[in-house]
Amino acid sequence: MTERTLSSGLAYLDYNATAPMRPEAREAALASMQTVGNASSTHRSGRDAAQRVDEARRQVADLLNCSPGEIIFTSGATEANNLALRAAHSVGGAVITSTVEHPAVLETAKNLTAAAPDALRLLAVDADGLVDLDGLHAALSAGDVAIVSLMAANNETGVLTDLAPLVEAAHAAGALFHTDATQMVGRLPIDLAEVDVDLLSLSAHKFGGPQGVGALFVRRGISLPYHPLIFGGGQERGWRAGTLNVAGITGAGAAAAAAHRGLAEEIARVTHLRDLLESALVEQLGDCRINGALGYRLPGVTSITFHGAPADAVLTAMPDVAASEGSACSSGAPSPSHVLLAMGRSREEADSTVRFSLGYASTRADVDQAIASTIRAVRQVRAALAIPI
């Protein structure tokens, strides 16, 4: 399958918003729809549904190298982030996170600490989007920290976080560590036997599963009472009540298994395509800036500032390319990217930045089309605004 199956003639380079569903995920979800039973029922149809859920739980756990019993299925990473932060905060203490987190973490942290704003400690990032370890040590030294929440990979720039030393620092201070790994899972290896995070959030649709399903990893043995957002029948070991979304969950499991099988090849291929796109645009357009730590990013993500060419105008001028001004979760918002501003970019630079994100089904034809269309669009916009080319 390629992006051409989504819309004829469209080069789809917006995987950070959502990836096209993998064939394996679609087939698994459709097959599970033939099962009538509720996964909590004890009759044969219910047991069949439960077995499909169990298999998906194992597939997601295999991708993360953890135990299936440590996986809680949710409606997506937003819910998983809320569950993690609210459970940790319920026992008291401050929340430490960074200025470049996804709104699902930032807004939850602000809500939890609204009555005591000093309990929210925000870490700055440098011009490359990297969190400073010394800054974390300083925030931890103030004491009484419930949880540190730092994303594994940024959704706008693709910049990665070196989790191991940050986790070590948090644990040394007696705090739990959560990572929003939504953009990293299924796109780079993450081994939870080696990376000692306590909680991890993911969304299936970022690596080719269905939308509306995700998971929260909760490490066995941590001292944390569950604090559900939804009360009811006590499914998912009490963390999330409600009838399980068997079709979505089985699709997520199949996508996880497919991503796991082909991960090494996908990383190399997608990185090559991303580099071709970047080098062509920078060389032929000039006055561009790649945002983020160049050697420490997700394979398929590039955030490019086209100086003198507002991103909304550029995207409008290239309707045959699916890209983004930044996070799809905040598209349409009047304010510029909080991530780029936190990295020291000006508002004008943030407003002139386009994010391209590639994935498992991206092709050289997609990249060639995106190069040609982007060059044409940026030149057109700059000419209209009387910007020298």
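User: Happy to look at this one with you. Where is Tyr296 placed?

Analyst: In this predicted model, Tyr296 lies in the loop joining strand 9 (288–291) to strand 10 (301–306).

User: Why is Tyr296 called partly exposed?

Analyst: Its relative accessible area is 33%. Buried would need under 20% and exposed over 50%, so Tyr296, at 33%, counts as partly exposed.

User: Which residues does Tyr296 touch, leaving aside its neighbours within four places in sequence?

Analyst: Tyr296 is in contact with Leu130, Gly158, Val159, Leu160, Thr161 and Asp162. Contact here requires heavy atoms within 4.5 Å.

User: Thanks! Now to the rings. What makes Tyr15 and Tyr360 a pair, and why is it called edge-to-face?

Analyst: Their ring centres are 6.2 Å apart, and the limit for pairing is within 6.5 Å.

User: Which parts of the chain does the pair link?

Analyst: Distant ones: Tyr15 is in the loop between strand 1 (11–12) and helix 1 (23–32), while Tyr360 is in the loop between strand 12 (353–357) and helix 11 (364–384). The two are 345 residues apart, and both are buried.

User: How many aromatic pairs are there, and which residues form the cluster?

Analyst: There are 2 aromatic pairs, and Tyr12, Tyr15 and Tyr360 form one aromatic cluster.

User: How do you know that the charged end of Arg22 is placed over the ring of Tyr360?

Analyst: That charged end is 4.2 Å from the ring centre. The rule asks for CZ of Arg within 6 Å of the centre and within 35 degrees of the ring normal, and Arg22 is listed as sitting over the ring of Tyr360.

Terms used: Residues are numbered from 1 along each chain as its sequence is written. This is a predicted model: local features need pLDDT of at least 70, side-chain atom pairs count only at pLDDT 80 or more; totals for chains, interfaces and linings use all residues. Side-chain values use heavy atoms; hydrogens and water are left out. Helices (H or I, at least four residues) and strands (E, at least two) are DSSP runs, numbered from the N terminus. Buried means under 20% relative accessible area, exposed over 50%, partly exposed in between (1.4 Å probe, protein chains only). Rings of Phe, Tyr and Trp (its six-membered ring) pair if their centres lie within 6.5 Å; planes under 30 degrees apart count as stacked, over 60 as edge-to-face and the rest as tilted.
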